[in-house]
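Have a look at the picture first, then read on.

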Protein chains: 2
Amino acid sequence: MIVCKFGGTSVASAEQIKKVANIVKSNPDRKIVAVSAPGKRYSEDIKVTDLLIDLANSALNNGDVAGKLANVVNRYKDITDELGLDQTICDVIAKDLQERVNSDKSNKVLFIDNLKASGEDNNAKLIAAYFNSIGMKAKYVSPKDGLVVNDLPERTMALPEAYENLKDLGKGDEIVVFPGFFGYTKSGTLRTFDRGGSDITGSILAAAVKADLYENFTDVDCVFSANPTVVNDPVGITELTYREMRELSYSGFSVFHDEALMPVYRLGIPVTIKNTNNPSAPGTKIVPTRPLNGRPVTGISADSGFSILYVSKYLMNREIGFGRKLLQIIEEEHISYEHTPSGLDDISVIIRSNQLTPEAEDRIIKRVKDELHADDVHFRHGFTLIVIVGEGMRNNTGLAARATSAISRTGANIEMINQGSSEVSLVFGVMQHSENQILRALYEEFFAPITV
Amino acid sequence: MIVCKFGGTSVASAEQIKKVANIVKSNPDRKIVAVSAPGKRYSEDIKVTDLLIDLANSALNNGDVAGKLANVVNRYKDITDELGLDQTICDVIAKDLQERVNSDKSNKVLFIDNLKASGEDNNAKLIAAYFNSIGMKAKYVSPKDGLVVNDLPERTMALPEAYENLKDLGKGDEIVVFPGFFGYTKSGTLRTFDRGGSDITGSILAAAVKADLYENFTDVDCVFSANPTVVNDPVGITELTYREMRELSYSGFSVFHDEALMPVYRLGIPVTIKNTNNPSAPGTKIVPTRPLNGRPVTGISADSGFSILYVSKYLMNREIGFGRKLLQIIEEEHISYEHTPSGLDDISVIIRSNQLTPEAEDRIIKRVKDELHADDVHFRHGFTLIVIVGEGMRNNTGLAARATSAISRTGANIEMINQGSSEVSLVFGVMQHSENQILRALYEEFFAPITV
């Protein structure tokens, strides 16, 4: 069985939904379809979700509810008209929206969530109705039927019983159309997945039914081996492992939110990223393991906005607990870190700069001086992390030499190098202003023929 | 003022002590002389300290005390006879030893310490007597006069008041001869420095008098840029910074115990390592800062016997506190670590293998699995760390490329790379069996002309 998820642009219009129907129809294994709310049809368009947020705020502030509700219904009406559906589904949607607008407003966050989630929920009803209208046996299934999530105040996550509840989904004759983005608590409160949205729903469903494949349809042909806005026409990645995808998850590779794939990762279910507008393109497949092809490097990512906390102390490496205490001070500021390269008497902590404030830096410096008696403590800013990733890098003699030589040819200085024992990634810290130049040099070294 | 310290081989015989006198005499700034106990005169010789341990054990176990005491006195007598000193000093030494043998044996450790320390103590008396006999005005000063140390059970360290007590040492006409290796608690108990011995005493005295220089006389001409048992005729290091010395302190560079130089380091007092048998050789000078010469690399050290604890977990880098908790588990096993290279979802902890037992490894693996819910946890053994060190490496574009290229030319795989933001060192983890080959390749790259 295949679980497919269609993102916002894939279900933004009648034309797009017809493509979805063709894709689903073309493979009888596609039994479960998770859908987003209608997204943008063109770059200046407004997503249904944004219309819904606007509606929710109007309802909370006694604004123009009727007009804004009509805006939302009209978006669906445009779609149903063009799909040749009758008025029934739009009436259902209008009634549903009115009920949500009239619902309890004591918790504003939950009230807004409830309206936002209607985007996916009503789109699923519409798409199921369309499938049936063209002879594809389909049914809308509500997350109420099994997708149980935890209560506030924790971040929304599916509870273990959700997987048990949903395990027989798609086993009947009908194609299941399931709205993404939300679930219900045991007491029936709707809660949305704040990160990863519909991707998470598809991933949960694929894990619940132990799918053979989770297909994620979006509007790009594949994941690229380097940021196409920096590197001219980069090679597409046809297959990469979960681990490679994670290591590449710095900027330029944000196809999935990190957490969206957790449910399928746990079961080793492969995931494909495919293009609704070009379904015959092979796309990119994410798998637990893969055979190595000739190329050691799968992709190169780069992300700026990093700072380095530098700490030195004579005889640091003799002091059991020094590193742990340093990390504890950072943890107590609720700051996460990326890497901690070290010498014998110094350690650097690489931190995303957006987590720092001048006050937090001062507090950290003061604590490290007072509590750890460091000789020198200071922050430096303006760094980029460049990560070279590939399962084929394991045991590839000379790869670090090729990478460092390529960087040195640009004239840039390497501020930090970090290669873990996994050897699936090689991380360089460089000054931000050299980022694009280095990314191009590395791409040329590992992907393009070098023209001297 | 210069504080000089002479090690065991430098004061092992009359011939050697004459060299010491000549060295001290040749520079009137040499006002304080810290001395060790007589060391080996030839490779099969027994050090006085070992004779004293043997004597102490005999005294504790009702063995042959008189014979073993005579052995010790005879070592001094050989020296005094050849130096032309009369019987007085040997009588003083014999009486002193007898008193120590007769002293309280309730704490065996302190009893043995007291006898061991007599080696330095009596040698200082002898050397002061010799200096005076040849017209060099000198006086023996006991650590009782100011070198106060802490009480049991902590490891012996000089108390802050020791520096105050000793600050006027050497300001008189006489050359001060001061025994290394021990001090006294406030209540008058003798305690020895268990690590770094006489080097620590010299360093404390140099810091107390705010010396211009601390000269450490031993039996080598200099510190070498690489281990001379692996690299043929390596270049000697004429000058290096404290930081370079520390980074090189893995095997092959163990001239000082790490902690011995702490007192002089704090005050930025330069230290020279010189050869008693070749005092005109320039030796190696350790300084707070130094001008850069043409060569970016100062030295290359290599040490085997490292293990890697590898931990991976999907989404590890999203989890604030993961690294800290991992290091805490290791700390609770009283294990220190060297480096922690990391990827996004994995972290490796480099540990000296001699700290690990199969039981400790099992406990760590179990805790990391149970408490941190890691996906994979395992140990790997048999690694060497190779460290390239040099103040000139800072901002030296292309240095990492040269180093990694040199390693890859040997055909060896690089398991780990760690370059901190300090850029004074570059650390490689490699398999132990490639160690010597890589050390030679790196030496050739950075020190010797490459002959292709």
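Buried area is the accessible area, taken with a 1.4 Å probe, that two parts lose on being put together, summed over both. Keep in mind, too, that what you are looking at is a predicted model.

**Where the chains meet**

With that term in hand, how big is the area buried between chain B and chain A? It comes to about 5,800 Å², and carbon and sulfur atoms give 47% of that. The contact draws 67 residues from chain A and 67 residues from chain B.

One salt bridge across the two chains has the side chain of D375(B) meeting that of R266(A), at 3.0 Å from N to O.

Which parts of chain B give two or more residues to the side that touches chain A? Among them are the helices α8 (242-247), α9 (262-267), α10 (322-332) and α12 (399-409) of chain B. Strands join in as well, including β14 (299-312), β15 (346-352), β17 (416-419) and β18 (425-431) of chain B. Sorted by kind, the residues on that side of chain B come out as 24 nonpolar, 27 polar and 16 charged.

A strand pairing also spans the two chains: β17 of chain A (residues 416-419) pairs with β17(B) in the antiparallel sense, over 3 bridges. In that pairing, Q419(A) sits opposite I417(B).

Over all chains, the structure holds 65 salt bridges.

| Pair | N to O distance |
|---|---|
| D78(B) and R41(B) | 3.9 Å |
| R290(B) and E244(B) | 2.8 Å |
| R367(B) and E371(B) | 2.8 Å |

Take D78(B) and R41(B), which form a salt bridge. This pair links distant parts of the chain, 37 residues apart: D78(B) is in helix α3 (residues 65-83), while R41(B) is in the loop between β2 (30-35) and α2 (48-60) of chain B. D78(B) counts as partly exposed because its relative accessible area is 44%, and R41(B) is partly exposed too, at 35%.

Next come R290(B) and E244(B), whose side chains meet in a salt bridge. They also link distant parts of the chain, 46 residues apart, with R290(B) in the loop between β13 (284-287) and β14 and E244(B) in helix α8 of chain B. Are these two residues buried or exposed? R290(B) is buried, with a relative accessible area of 12%, and E244(B) is buried at 0%.

R367(B) and E371(B) are the last pair in the table. Both lie in helix α11 (residues 358-372) of chain B, 4 residues apart, which is about one turn of the helix. R367(B) is partly exposed at 25% relative accessible area, and E371(B) is partly exposed at 44%.

**Over in chain A**

Chain A has a network of salt bridges that links R41(A), D45(A), R75(A) and D78(A).

Some strand pairing is worth a look here as well. Strand β13 of chain A (residues 284-287) runs parallel to β11 (residues 239-241), joined by 3 bridges. L240(A) has I286(A) in β13(A) as its bridge partner. β13(A) is also joined by 3 bridges to β12 (residues 271-275) of chain A, and these two run antiparallel. There, T272(A) is partnered with K285(A).

How values were computed:
Residues numbered from 1 in each chain as written. Chains lettered and ligands numbered in written order. Predicted model: local features only at pLDDT ≥ 70, side-chain atom pairs only at ≥ 80, totals over all residues. Heavy atoms only, no water. Contact = heavy atoms within 4.5 Å. Salt bridge = Lys/Arg side-chain N within 4 Å of Asp/Glu carboxyl O. Nonpolar A, V, L, I, M, F, W, Y, C, P; charged D, E, K, R; others polar. Pairing = 2+ DSSP bridges. Buried < 20%, exposed > 50% of the residue type's maximum accessible area, 1.4 Å probe, protein only.
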